[in-house]
Amino acid sequence: MTPITIASIKPKNRIRETGVDRVFTIVNYTVLTIFLVLIIYPLIFVMSSSLSDGSAVISGRVILWPVNFSTLAYEKVFSYPRIWSGYGNSLFYAVVGTLVNVTMTLLAAFPLSRRDLFGKNIFLALFLFTMFFNGGLIPTYLLVRDLGLRNTQWALIIPQALSVWNLLIAITFVRTSIPHELLEASQLDGCSDFNYFVRILLPLSTPLIAVLSLFYAIGHWNQFFAALLYLTNKDLFPLQIILRDILISSNVDLSMVEDIKIMAAREALRELLKYALIVVASVPVLIIYPFAQRYFVKGIMLGSVKG
Amino acid sequence: MATVTTSIARPRPQTQAGVGQRITTAWKQIRHSWQLYVLLALPLAWLLVFAYYPMYGAQIAFRDFLPGKAILASEWVGLANFERFFASPMFERLIKNTLVLSVYSLVVGFPIPILLALSLNQLQTGLFKRTVQMVSYAPYFISTVVMVGMLLQFLDLRRGPVNLIVQALGGTPVLFMGSAELFPSIYVWSGVWQYTGFSTIIYLAALTTIDPALHEAAVVDGANRLQRMWHIDLPGILPVMVTLFILNMGQMLNIGFEKTYLMQNELNLATSEVISTYVYKTGLAGGVANFSYAAAIGLFNSVIGLILLVSANWASQRVTQKSLF
C-alpha cells in the first residue's frame with residue numbers, strides 16, 4: 001500500500017486545476033501582492049524622504065525613490081546632542097534591562113518547569129493571574145515612588161523585570177525541548193539542582209535565551225510609557241521620549257537648525273529631520289530583525305503551545 | 001519514565017544522601033528541593049512586590065488617599081469614588097470611546113490575520129511567500145512613538161503625502177488627525193498595518209500541525225482549494241482562534257495607552273479619550289493629583305476586564321467545549 005503523498009498527486013492536480021482553483025490561485029496572488037505593497041510602501045517612502053532634498057519632500061515630489069539625494073538630514077540629526085544622549089540611555093536600558101529580564105525569567109522558569117516541585121501549581125497560578133488582573137496604574141506608580149525609584153534608571157528596569165508571557169515561553173521551552181532523562185541522569189550522578197541549572201540547563205537553553213533577549217530588548221528599546229511616568233530628569237530620557245518631543249509635539253529645538261535663516265528652508269528641513277529620525281530610531285531594531293526573525297517565530301510558537 | 005528511574009535508583013542507594021530520600025511528606029519534599037525554591041525566591045519576591053502589592057494598594061480607590069499619608073491612615077470612603085465616576089459626564093464618554101475602539105479593533109483586527117494566514121498557507125514555500133512574511137512582520141518592531149510620528153507625517157494637512165494625493169485628484173485636504181470622526185478608523189487601520197503580519201505567525205504555526213493526509217484525501221475526493229480551506233484548514237485552527245478570542249475579550253477595555261495618548265489632541269478628544277488615558281490624566285498628569293479617584297477608575301477597568309475574560313471563557317466552554325482555564 002503506497003501512501004499517497006502531495007508529490008504524487010501534484011501532476012494530476014495541476015491538470016485538474018481548472019476553474020475554481022485557477023481563479024483562486026490568481027486572486028490569492030493578487031491579494032497578497034497588494035497587501036505586500038501596502039505594508040512596504042510607507043517604509044520605503046520614509047526611507048526615501050529622509051534621503052531626499054527638503055523642498056522635494058514638502059512639495060510632494062518624492063514618490064518612491066529619493067529626489068535630489070542628500071544626507072543633510074542625517075548630518076543634522078547626528079549633530080543634535082539630545083539624540084545621542086537618548087541613544088545612549090536607550091542602549092543602557094535595553095542592555096541592562098534585558099540582562100535583568102533574562103536572568104529573572106530563567107530563575108523562575110527552571111523551578112516552575114519541574115513537575116516535581118511541591119506547590120508548583122500555586123506558584124504558576126500566582127504568576128498567571130497577573131496576566132489578567134492588575135492593581136492598576138496609580139497603585140503601581142505610588143509603589144515605584146515610595147521605593148524611591150522615580151527619576152532613577154531603575155524605574156525603567158525593575159518594575160518591568162519579568163514578563164509572565166515570556167516566562168510561559170521559557171517554561172514551555174524547558175519542558176518540551178530539554179529531555180527529561182538529562183535531569184534524571186544527572187540526579188543519579190549526584191548533581192544538585194544548582195549545578196544542573198548552571199551546567200546543563202543554561203548551555204542547552206541558548207535558543208531560548210536568544211528568543212527572550214530579543215523580545216525583551218525590543219520591548220525596552222520601544223518603551224515609552226514608563227519613561228513618561230517615572231522620569232522628569234532630561235538626562236535619563238530614552239530615545240522614545242525625545243522622539244515624541246520632536247515627531248509628535250513638534251518641539252524642534254531651533255538651535256538644531258540655527259544656521260538656516262530662511263523660513264521655508266527651515267520648515268523643509270524640519271520635515272526632513274522627522275523622516276531621518278524615524279529611520280535612525282528604527283535602525284537598531286531593523287538591523288537585528290532579519291537575523292532575529294526565525295527566533296521570533298520560534299518564540300511565538302513556544303508561547304502558543306501553552307496557550 | 002519515572003518508574004524506570006526509581007528502579008535504577010533503587011539498587012544503589014548508597015550514592016544518594018540516605019534512605020530518607022523517598023519522601024512522602026510535603027516538608028521533606030520542600031527540603032529536598034530547597035535549591036529550586038532558592039532559585040524561585042527572587043522572581044517570586046519581585047512578583048509579590050510589583051504585581052501583588054499594587055493590588056493591595058488598589059484599596060486607595062475606596063479611601064480618600066492623600067499623597068504623603070499612609071494607605072491605611074487615609075479615611076475609608078467606601079464606594080464614593082466609584083459613584084462619583086459613574087455620575088460624571090465622562091463616564092459614558094469613556095466607556096463608549098473605549099468600546100468603540102476595542103470592538104472596531106476586534107471586528108477588523110481579528111479576522112484579517114486569519115485570512116492572511118489561510119491565504120499564505122496556500123502558497124508553496126518560496127521566495128514570494130518568504131518575502132510576504134518577512135515584510136509583513138517588520139512593522140511590528142516599529143515603536144508606538146515612531147508609528148504615531150509616521151501617521152502625523154503621512155496625514156499632515158499641508159505636506160502629508162496622503163493629502164497631496166487628495167489634492168492632486170482634485171479633492172480638498174482632510175484634517176485627518178484633528179477629526180474626532182476619523183480617529184477610530186485611523187487608530188484601527190494603522191493597527192492593522194502594524195500587527196497583521198505578526199499575528200499570522202501563530203495561525204501559520206497551527207496550520208502546519210494539520211495532518212496532510214486530510215488534504216490528500218480531500219484532493220482525491222475532488223475538493224477544490226476553497227473547499228479544503230473551509231473544511232480542513234479553518235476547523236484545524238479553530239482552537240487557536242478560540243484561545244486568542246478569549247484573550248482578546250479580556251483585553252477589551254485595555255485600549256493601549258501609548259498609541260491613544262500619542263494620537264490625542266484637542267480636536268479629536270471627543271472620541272480619543274479612553275479609560276487608560278483618563279486615569280493617567282486625572283491621577284498623574286493633572287495639576288491636582290487625584291490618586292483615589294483615578295485608582296477607582298483603574299480598578300473599575302481591571303475588574304470589568306476580568307469579568308469579560310471569565311465570561312468569554314465560560315461562553316466558549318459552553319459553545320465550543322474549548323476554554324482557557
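Read along the sequence, chain A runs α-α-α-α-α-α-α-α-α-α-α-α-α-α. That is 14 helices and 0 strands. Helices here are DSSP runs of H or I with at least four residues, strands are runs of E with at least two, and both are numbered from the N terminus.

Some housekeeping. This is a predicted model: local features need pLDDT of at least 70, side-chain atom pairs count only at pLDDT 80 or more, and totals for chains, interfaces and linings use all residues. Residues are numbered from 1 along each chain as its sequence is written, while chains are lettered from A and ligands numbered from 1 in the order in which they are written.

Confidence next. pLDDT is the predictor's confidence in each residue, from 0 to 100. Chain A has a mean pLDDT of 83, with 87% of its residues at 70 or more. For chain B the mean is 84, and 92% of its residues reach 70 or more. The complex gets an ipTM of 0.83 and a pTM of 0.84 from the predictor.

Where in chain A is confidence lowest, and where is it highest? The lowest is helix α1 of chain A, residues 6-16, at a mean of 49. The highest is helix α5 of chain A, residues 81-113, at 93. Over residues 1-13 of chain A, pLDDT stays under 50, and the model has 8 contacts beyond four places in sequence for them. A contact means two residues whose C-beta atoms, placed from the backbone, lie within 7 Å. Chain B has such a stretch too: pLDDT stays under 50 over residues 1-16, with 7 contacts beyond four places in sequence. Where pLDDT is low, the predicted coordinates should not be read in detail.

Now chain A in more detail. Its domain assignment gives domain 1 (19-70) and domain 2 (81-252). Such bounds come from an automatic or database domain assignment. The C-alpha centres of these two domains of chain A lie 37 Å apart. Of contacts in chain A between residues at least 6 apart in sequence, 72% join residues at least 24 apart.

How much of chain A is buried? Of its 307 residues, 39% count as buried. Buried means 20 or more other C-beta atoms within 10 Å of the residue's own, exposed means 12 or fewer, partly exposed is in between, and C-beta atoms are placed from the backbone. Look at helix α13 of chain A, residues 239-248: 9 of its 10 residues are buried, so this helix is largely enclosed by the rest of the structure. Among the buried ones are Leu239(A), Gln240(A), Leu243(A) and Arg244(A).

Leu243(A) comes up again in the largest nonpolar core, which has 139 residues. A nonpolar core is a set of buried Ala, Val, Leu, Ile, Met, Phe, Trp, Tyr and Cys residues joined through C-beta atoms within 7 Å. Which members touch the most others? They are Ala109(A), Ala170(A), Leu243(A), Leu277(A), Ala295(B) and Ile297(B). Helix α14 of chain A, residues 263-306, gives the most to this core, with 14 residues. Ala109(A) touches Leu167(A), Ala170(A), Ile171(A) and Val174(A), leaving out residues up to four places away in sequence.

Most residues other than glycine have a negative phi. Asn68(A) has a positive phi of about 50°. Asn68(A) sits in the loop between α3 (54-58) and α4 (72-78) of chain A. With 13 C-beta neighbours inside 10 Å, Asn68(A) is partly exposed. Asn151(A) also has a positive phi, near 60°. Its place is the loop between α7 (137-146) and α8 (164-177) of chain A.

On to chain B. Chain B has 16 helices and 2 strands. Its radius of gyration, taken over C-alpha atoms, is 27 Å, well over the 20 Å that the globule rule gives for 325 residues, so chain B is more spread out than a compact globule. That rule is 2.2 Å times the number of residues to the power 0.38. The C-alpha trace of chain B spans about 90 × 75 × 35 Å along its principal axes. Buried residues make up 33% of chain B.

Last, the interface. The contact takes 82 residues from chain B and 78 residues from chain A. On the chain B side, helix α3 of chain B (residues 34-57) gives the largest share, 15 residues. By class, that side has 57 nonpolar, 21 polar and 4 charged residues. Ala, Val, Leu, Ile, Met, Phe, Trp, Tyr, Cys and Pro count as nonpolar, Asp, Glu, Lys and Arg as charged, and the others, Gly among them, as polar.
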